[in-house]
Amino acid sequence: MMNKIKLIGMMVFIAAATWGCATTPKASEEQKIAAMMPVHCPDKQTCEVQWQRAQAWVASHSAYRMQIVSDSVLQTYGPMGSDTGLAFMLTKTPNLQGGAAITIRASCDNMFGCIPDRYLAILSLKADMQSAGP
């Protein structure tokens with residue numbers, strides 16, 4: 001009887017995991033490539049604005065609280081505990097022209113994938129960073 005209950009529980013878990021993966025939007029190969037490219041800001045002022053936007057976006061969209069906030073690193077806690085929620089790490093590397101390259105990484109700790117898709121989340125963050133509004 002106990003083995004039957006375990007088997008039913010396992011089947012329900014697999015079905016739920018499969019259904020969850022099937023309903024979550026996934027990034028295309030082109031979107032994945034675009035997400036992995038750094039954001040380039042041409043000058044110090046633009047970089048500061050983009051960095052502030054990135055910090056605000058991550059604070060409101062990450063599954064985890066901020067752990068490190070500096071002029072060159074933004075990092076949340078996590079990922080941990082089989083969670084599908086995203087943790088983020090951004091690094092800003094200055095260039096010789098006065099601007100910088102901002103690299104963005106997002107990850108979760110779930111073997112079935114992240115919710116939302118990490119690449120789509122990075123593209124959303126990049127769009128917000130580069131938007132013309134305040």
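## A look at L125 and its surroundings

Skip the neighbours within four places in sequence, and L125 is in contact with A54, W57, V58, L90 and I104; contact here means heavy atoms within 4.5 Å. This is a predicted model, where local features need pLDDT of at least 70, side-chain atom pairs count only at pLDDT 80 or more, and totals for chains, interfaces and linings use all residues. Residues are numbered from 1 along each chain as its sequence is written, and side-chain values use heavy atoms, with hydrogens and water left out.

L125 also turns up among the residues with the most contacts inside the largest nonpolar core, which has 24 residues. Such a core is a set of buried Ala, Val, Leu, Ile, Met, Phe, Trp, Tyr and Cys residues joined through side-chain atoms within 4.5 Å. Elements giving two or more residues to this core include helix 3 (44-61) and strand 4 (87-94). Helices (H or I, at least four residues) and strands (E, at least two) are DSSP runs, numbered from the N terminus.

Now for the rings: what is the count of aromatic pairs? It comes to one, taking Phe, Tyr and Trp (its six-membered ring) as paired if ring centres lie within 6.5 Å, with planes under 30 degrees apart stacked, over 60 edge-to-face and the rest tilted. The centres of W57 and F88 are 5.6 Å apart and the planes are at 85°, so this pair is edge-to-face.

Both partners count as buried (under 20% relative accessible area; exposed is over 50%, partly exposed in between; 1.4 Å probe, protein chains only).

| Residue | Relative accessibility |
|---|---|
| W57 | 7% |
| F88 | 3% |
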